[in-house]
Amino acid sequence: MTRLALEEVTFWYPATRAPALREVSLEVAAGEIVALVGKVGAGASTLLLVAADLAPRVTGGRLAGAVRRRARSGIVLPTPWTQLSGMAFTVWDEVAFGPANLGWPGHEIARHVDHALERLEIVSLAARDPITLSGGELQRVIVAGLLAMDPDLVLLDEPTAELDPAGARSMWRLLRLLAGEGKAIVVATSELDAVPDVADRVVWLEAGAVRAIGTPQLLAEDAACDDGLGTTVARIWRAAGLAPPYPLTVADAVQRWP
Amino acid sequence: MRALHPFTLLAVAAALPALAWILPAPAGGLATAGIAFCLLGSRGLRRGLWPALVAAAPFWLFLLLLHDVRTTLAIGLRISTMVASFVWLAAVLAPDRLVEATVARGWSITAAYLFAATLSAVPMLRARARRIVEAQRCRGLSPRGSVANRLRALRALALPLVLSALHEVDERTLALEARGLVPGARRTPLAPPPDRVVERVVRWGLLLLCLAALVRRVA
Amino acid sequence: MAVSATLRLDGVGFSYGAEAALRDVSFEVAAGERVALLGRNGAGKTTLVRLVAGLLHPDAGTVWVGGWDTGERAPEELARRVGSLFQHADQQLFARTVREDVGFGPRALGFPVHEVRRRTEEALDALALHAHAEQHPYDLPPALRKLAALAGALALEPMVLVLDEPTGGLDRGLRAHVADALREHAERGAALLVVTHDLAFAAETLDRGIVLDGGRLACDEPLAPLLGSAERLKPLGLVPPTVAALSVALDLSGRPVRERDAAHALARVAGGGPGL
């Protein structure tokens with residue numbers, strides 16, 4: 001079941017001549033994780049804003065092409081500290097901010113908030129004041145705030161940027177879990193080594209356009225390696241002068257190794 | 001004080017300046033300023049009294065330059081009441097409780113949020129200014145020393161303070177939209193602050209008091 | 001006579017109210033040394049950065065920067081010796097263009113115009129920011145804003161660079177620019193202390209690892225062997241970077257942690273010629 005479909009979408013921010021997205025077409029199905037990769041400024045963040053119906057509705061600008069959503073979407077933006085509601089003195093209330101705005105009954109809100117806190121492993125922070133949290137704690141709180149709204153389409157922009165390595169691993173595991181429950185997930189990330197274990201498909205963006213769409217195996221191809229988008233293992237394999245196809249992950253490499 | 005219903009806090013903060021202007025000077029102003037500063041005193045010297053005194057001082061200076069002592073005293077006390085009431089309100093009124101209270105009264109969430117955000121703008125700007133000044137000092141700009149130095153530092157702060165605040169409004173708008181803060185949303189009050197009968201009586205009492213004072217003044 | 005360290009912490013402790021953030025932390029960083037400051041979220045790393053920059057003063061012990069007690073100096077005075085990058089890059093950018101912003105520090109410190117210009121251009125060069133030099137900092141994506149703030153710290157040409165997560169959200173090309181710039185400053189004698197969760201970046205760029213855990217110094221040793229040991233990293237909230245994991249999994253000789261070294265080791269075993 002398709003949750004999101006972009007057809008030939010081109011998008012211009014206000015007062016700019018060059019489009020930030022060029023003729024992007026993409027479909028995302030329920031239960032699927034799509035990773036957006038590319039250089040800084042390639043258009044991944046803009047694509048997420050369009051998918052979330054924030055661009056151009058809130059950002060302004062102009063959109064050509066068609067966007068179809070068959071789901072309620074939720075988005076996590078890259079800087080966690082500008083996403084706090086400013087209206088909550090505890091983490092629990094902060095996470096409840098979104099669900100309350102949806103007008104759900106109180107017991108439903110409580111159930112979803114408690115569940116989201118558990119999933120992000122931040123139950124112990126529930127009574128803390130959000131402004132006293134560290135960057136990594138804050139990032140978890142913001143993601144919890146999104147999940148508590150129970151969206152069918154989850155959009156994430158660099159969700160592990162503030163997390164320590166163990167925290168990042170938990171985040172990726174959580175995304176797989178959510179996909180298993182039928183959520184459609186689109187995630188922009190510069191953490192390429194995590195992509196093969198997490199994503200079903202990879203969208204390679206370049207200067208606002210789709211350069212390629214494929215399985216994560218894309219990140220082991222010569223073209224991707226040339227552009228700095230190969231996984232570490234693929235790059236090492238290639239640099240060592242070994243024959244393609246290159247392994248994607250450490251596990252692949254072990255299998256390949258005599 | 002924070003346990004009081006937000007509307008009660010608003011009523012007190014509105015009634016004091018109103019009475020200061022309605023009641024005859026200087027006794028009326030002295031009484032209201034006295035009450036306002038007593039309320040502030042309960043917040044402590046640094047967080048309560050000090051900011052209010054600093055904010056009120058320039059008004060007294062200008063008044064003294066422009067008027068005689070009598071007028072200065074009359075207007076100065078009224079302005080001090082206004083300043084002290086506002087500083088007190090900003091210190092005791094929790095924006096989340098205000099949002100809850102207004103939403104419980106049937107306001108739309110966007111209107112409630114805007115109202116609460118206006119009141120919490122001052123402390124947020126102050127925190128932002130502090131972080132910018134810290135970063136500027138770490139790059140060698142001294143906010144201390146001669147008057148010229150201080151002015152230079154103030155000028156260096158003003159523009160980034162405004163620009164960064166505006167910029168953050170852009171990002172925050174996106175985030176709030178994404179979290180369901182959209183026009184027409186009917187928010188579920190999470191924990192609407194209890195509104196006791198005593199407090200309702202006090203609020204009506206304050207309103208009647210202001211009206212009575214006004215009628216007496218006009219008559 | 002021992003050469004005095006560029007950065008030295010002597011039994012440093014700091015608390016926010018009743019909550020201790022750092023306890024009895026001592027270490028030294030010499031000129032030219034490249035040190036990673038690691039640890040899980042909330043381990044006290046950000047507090048330590050603010051102490052070195054002079055924005056906080058220790059409750060116990062002393063932070064020395066080349067013989068200056070940071071507790072007795074204002075941050076603007078320390079700016080002559082310490083360049084810092086904090087978490088919120090947005091609040092470290094003050095000017096109308098990136099170029100003007102990078103020159104903010106040297107100008108504030110009173111350097112002559114030609115010196116301000118030299119430092120600004122060098123810092124822009126080092127981080128490949130020339131293409132964005134005339135843009136308003138807020139018009140850049142968040143990752144590039146951080147890079148602009150880093151350029152501002154580099155332009156101070158300080159003896160100590162203390163950086164909080166300089167690579168978050170950067171692509172591989174930009175990360176390489178940051179790595180090169182940091183190496184160059186270290187070669188010129190700067191002491192580097194870099195807080196990072198990006199252990200791959202740390203492995204490529206830095207040599208020594210200091211790990212904080214619950215506000216205490218958990219270890220202080222050469223980075224490469226530490227990053228290769230999953231058992232030791234795990235209780236500290238850390239995970240070996242991919243190269244280190246690959247070296248262990250394939251039993252590469254010397255257990256390299258940098259891509260280039262791993263490729264060489266792999267090529268030797270496979271008998272092929274390295275393509276580097």
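This is a predicted model: local features need pLDDT of at least 70, side-chain atom pairs count only at pLDDT 80 or more; totals for chains, interfaces and linings use all residues.
Residues are numbered from 1 along each chain as its sequence is written, while chains are lettered from A and ligands numbered from 1 in the order in which they are written.

**Chain B**

I found nine helices and zero strands in chain B; helices (H or I, at least four residues) and strands (E, at least two) are DSSP runs, numbered from the N terminus. Of its 219 residues, 34% count as buried, that is, with 20 or more other C-beta atoms within 10 Å of their own, where 12 or fewer means exposed and anything in between partly exposed, C-beta atoms being placed from the backbone. I noted two domains in chain B, domain 1 (8-93 + 196-219) and domain 2 (109-185), with bounds from an automatic or database domain assignment. The centres of these two domains, taken over C-alpha atoms, are 28 Å apart.

**Contact of chains A and B**

I noted that chain A gives 28 residues to the contact and chain B gives 25 residues. On the side of chain A, α2(A) gives the most, with six residues.

**Nonpolar core**

I looked up the largest nonpolar core, which has 206 residues, and found that C:Val52 and C:Ala151 touch the most other members. Such a core is a set of buried Ala, Val, Leu, Ile, Met, Phe, Trp, Tyr and Cys residues joined through C-beta atoms within 7 Å. Helix α6 (residues 142-154) of chain C gives the most to this core, with nine residues. Beyond its neighbours within four places in sequence, C:Val52 has contacts that include C:Leu7, C:Val63, C:Val162 and C:Leu193.

**Sheet of chain C**

I traced an open sheet of six strands with mixed pairing, in the order β6-β7-β8-β3-β9-β10 (chain C); two strands pair if DSSP finds at least two bridges between them. In chain C, β6 (82-85) and β10 (216-222) stand at the edges with a single partner strand each, so one side of each has no neighbour in the sheet. Strands β7 (residues 160-164) and β8 (residues 191-195) of chain C pair in the parallel sense over five bridges. I also noted that C:Asp164 stands opposite C:Val195 in β8(C).

Terms used. Two residues are in contact if their C-beta atoms, placed from the backbone, lie within 7 Å.
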